[in-house]
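Thanks for coming, everyone. Let me put the structure up, and then I'll walk you through it.

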Amino acid sequence: YLRQMIQYYNHQLTVRLVATRLIGQNEYVLVCLQHARHEKNALCELAFNCGRSFTGICILLKRRCFACNRPGAPQCENCLCAFFCSDDCANSEIGKEHKKLCDKIRVSDIVVEDECVQLI
């Protein structure tokens, strides 16, 4: 996921929307990216299936620590696109990889949907 997100940023796709979704009893975050040139974005089927109309690319992330897979980990406050349950996990190898992505994301450009939508 982290390497793919960095590739998206290298190809001028940026995070534009982060939306919480609940599927069954599991919490997810829908991370939506768009290209700066609107004509390069197509309607995203995943976003549509998650109750959101969006043009671009979307990734559905389960709310789990990226390092140890612990459920319910808090979201990174800097990028909103990663989860770590502790400082140890945030400083792990995956945490270091995340830092590369985190440095590219500007939270001020992201629309955050706080309302959680139940899907199933």
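Predicted model: local features only at pLDDT ≥ 70, side-chain atom pairs only at ≥ 80, totals over all residues.

Start with the helices. Two packed helices are described by the angle between their axes and the distance between the axes. Here the pair is α1, residues 2-10, and α4, residues 93-102. Their axes come within 9 Å. They cross at roughly 15 degrees. Angles under 35 degrees count as roughly parallel, so α1 is roughly parallel to α4. The crossing of α1 and α4 is left-handed.

Which residues in α1 and α4 meet? From α1, we have Leu2, Arg3, Met5, Ile6 and Tyr9. From α4, we have Ile94, Glu97, His98, Lys100 and Leu101. By class, that contact of α1 with α4 holds 6 nonpolar, 1 polar and 3 charged residues.

Now the cysteines. A disulfide is a covalent bond between the sulfur atoms of two cysteines. How many disulfides does the count come to? The count here is 0 disulfides, by the distance rule. That rule asks for two cysteine sulfur atoms within 2.5 Å.

Next, Cys79. Cys79 is in no disulfide either. Its nearest cysteine sulfur belongs to Cys76, 3.8 Å away. Is Cys79 buried or exposed? Cys79 is buried, because its relative accessible area is 0%.

Keep Cys79 in view and find Ser108. Ser108 sits in the loop between α4 and β4, where β4 is residues 111-118. Along the sequence, Ser108 and Cys79 are 29 residues apart. In space, their C-alpha atoms are 9.5 Å apart. Ser108 has a relative accessible area of 69%, so it counts as exposed.

One more cysteine, Cys68. Where is Cys68? Cys68 is in the loop between β3 and α3. At 42% relative accessibility, Cys68 is partly exposed. Setting aside neighbours within four places in sequence, Cys68 is in contact with Cys85 and Cys89. Cys68 and Asp88 are 20 residues apart along the chain, with 9.9 Å between their C-alpha atoms.

Most residues other than glycine have a negative phi, and most peptide bonds are trans. Asn69 has a positive phi, near 70 degrees, and is not a glycine. Asn69 lies in the loop between β3, residues 57-62, and α3, residues 87-90. Asn69 is partly exposed, at 46% relative accessibility.

Gln12 also has a positive phi, near 65 degrees, in a residue other than glycine. Gln12 is in the loop between α1 and β1, with β1 at 13-23. At 53% relative accessibility, Gln12 is exposed.

Now a strand residue, Leu61. Leu61 is in strand β3. With a relative accessible area of 9%, Leu61 is buried. What does Leu61 contact, leaving aside neighbours within four places in sequence? The list is Tyr1, Glu27, Tyr28, Val29, Val31, Phe66, Cys81 and Phe83. Look at Glu27 in particular. Leu61 and Glu27 are 34 residues apart in sequence, and their C-alpha atoms are 8.6 Å apart.

Last stop, Ala90. Ala90 lies in helix α3. At 30% relative accessibility, Ala90 is partly exposed. Not counting residues up to four places away in sequence, Ala90 touches Phe84, Gly95 and Lys96. Ala90 and Tyr9 are 81 residues apart in sequence, and 21 Å apart C-alpha to C-alpha. Recall that Tyr9 is one of the α1 residues that meet α4.

To recap. Helices α1 and α4 run roughly parallel. The disulfide count is 0. Gln12 has a positive phi, and so does Asn69. That's the tour. Over to you for questions.

Notes:
Residues numbered from 1 in each chain as written. Heavy atoms only, no water. Axes fitted to C-alpha atoms, helices over the stretch in contact; angles between N-to-C directions. Helix = DSSP H or I, 4+ residues; strand = E, 2+ residues; numbered from the N terminus. Parallel < 35°, antiparallel > 145°, perpendicular 65-115°, else oblique. Left-handed = near helix turned anticlockwise from the far one by under 90°. Contact = heavy atoms within 4.5 Å. Nonpolar A, V, L, I, M, F, W, Y, C, P; charged D, E, K, R; others polar. Buried < 20%, exposed > 50% of the residue type's maximum accessible area, 1.4 Å probe, protein only.
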